[in-house]
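Dear colleague,

I am handing over the structure below, together with notes on what was found in it. Please keep it open beside this message as you read.

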Amino acid sequence: MLPRTHTFLGIIFSLVIAYSFNLSLIAGIIIFLSSVLIDVDHYLYYVYKKKDWSLKRAYNFFIVGKNKIASLSRKQRNEFYHGFSFLHGIETLVILFILGKFLSEYFYYILIGFSFHLFLDIIHQKTIHDRFDKYSIIYDYFKYKKLGVLEEMKGYLA
Ligand SMILES: [Zn+2]
């Protein structure tokens, strides 16, 4: 899902949650930022893979990849993945819950933002392929080993 879609829906979601539960402004802002910035793991994946810190090139890399995926048949899409997301999964939510319980309630707000983002990503991926990704980091890690990385598919990415 595109960052601008996450941003738009994140604004609405954080406003509704902050208003409904009478949360502070800072809580609302943390929920919103978390619902968008969890995707930093895509950027770090790019940095790791390409040894390049350019945010602009990273963005273009994923946009090109997204378009390439869209051009594949659904069967082909099922055989490839488009990068590992180490924050996208239940494990991160569990850690945030523990941090919220023992360190600071602010982690609960991050948990809410991340959960909303994952919810959107999981719904969105049904439109792309038949797999069920991004609900467990550990499961994805082992599952992805059996799949091909899209960027390594010859002729697909420049
Ligand atoms: Zn995401």
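Lys51 is exposed, because 7 other C-beta atoms lie within 10 Å; here a residue is buried if 20 or more other C-beta atoms lie within 10 Å of its own, exposed if 12 or fewer, and partly exposed in between, with C-beta atoms placed from the backbone. Lys51 lies in the loop between H3 and helix H4 (55–71), and its phi is near 55 degrees, a positive value in a residue other than glycine. The helices named here (H or I, at least four residues) are DSSP runs, numbered from the N terminus, as strands (E, at least two) would be.

Before going further, please note that this is a predicted model, in which local features need pLDDT of at least 70 and side-chain atom pairs count only at pLDDT 80 or more, while totals for chains, interfaces and linings use all residues. Residues are numbered from 1 along each chain as its sequence is written.

Lys134, in the loop between H7 and helix H8 (137–145), is not a glycine and yet has a positive phi of about 70 degrees. Lys134 is partly exposed, with 19 other C-beta atoms within 10 Å.

Now to the helix pairs. Two packed helices are described by the angle between their axes and the distance between the axes. Axes are lines fitted to C-alpha atoms, for helices over the stretch in contact, and angles run from 0 to 180 degrees between N-to-C directions. Angles under 35 degrees count as roughly parallel, over 145 as roughly antiparallel, 65 to 115 as roughly perpendicular and the rest as oblique.

The axes of H1 and H2 come within 8 Å and cross at roughly 155 degrees, and the two helices are therefore roughly antiparallel to each other. H1 passes H2 in a right-handed crossing (a crossing is left-handed if the near helix is turned anticlockwise from the far one by less than a right angle, and right-handed if clockwise). Among the residues that make the contact are Pro3, His6, Gly10 and Phe13 of H1 and Gly28, Ile31, Phe32 and Ser35 of H2, where contact means that the C-beta atoms of two residues, placed from the backbone, lie within 7 Å. The residues of this contact of H1 with H2 divide into ten nonpolar, six polar and no charged; Ala, Val, Leu, Ile, Met, Phe, Trp, Tyr, Cys and Pro count as nonpolar, Asp, Glu, Lys and Arg as charged, and the others, Gly among them, as polar.

Helix H2 (residues 25–37) has 13 residues and reaches 18 Å from its first C-alpha to its last, close to the 18 Å expected at 1.5 Å a residue, the expected span being 1.5 Å times one less than the number of residues. Buried in H2 are Gly28, Ile30, Ile31, Phe32, Ser34, Ser35 and Val36, and the buried residues of H2 pack against H1 and H7.

Helix H1 (residues 3–20) also packs with helix H7 (residues 106–125), at an angle of about 135 degrees and with the axes 11 Å apart; H1 and H7 are therefore oblique to each other. The contact is made by His6, Leu9, Phe13 and Ile17 of H1 and by Ile112, Phe116, His117 and Leu120 of H7, and its residues divide into six nonpolar, two polar and no charged. One of these, Leu120 of H7, is partly exposed, with 17 other C-beta atoms within 10 Å. Leaving aside neighbours within four places in sequence, Leu120 is in contact with Met1, His6 and Leu9.

Asp39 has its place in the loop between H2 and H3, and is partly exposed, with 19 other C-beta atoms within 10 Å. Not counting residues up to four places away in sequence, Asp39 touches Pro3 and His6, and although Asp39 and His117 are 78 residues apart along the chain, their C-alpha atoms are separated by 8.9 Å.

Finally, the axes of H3 and H4 come within 10 Å and cross at roughly 100 degrees, which makes H3 roughly perpendicular to H4. His42, Tyr43 and Tyr46 of H3 make the contact with Leu55, Ala58, Phe61 and Phe62 of H4.

With kind regards
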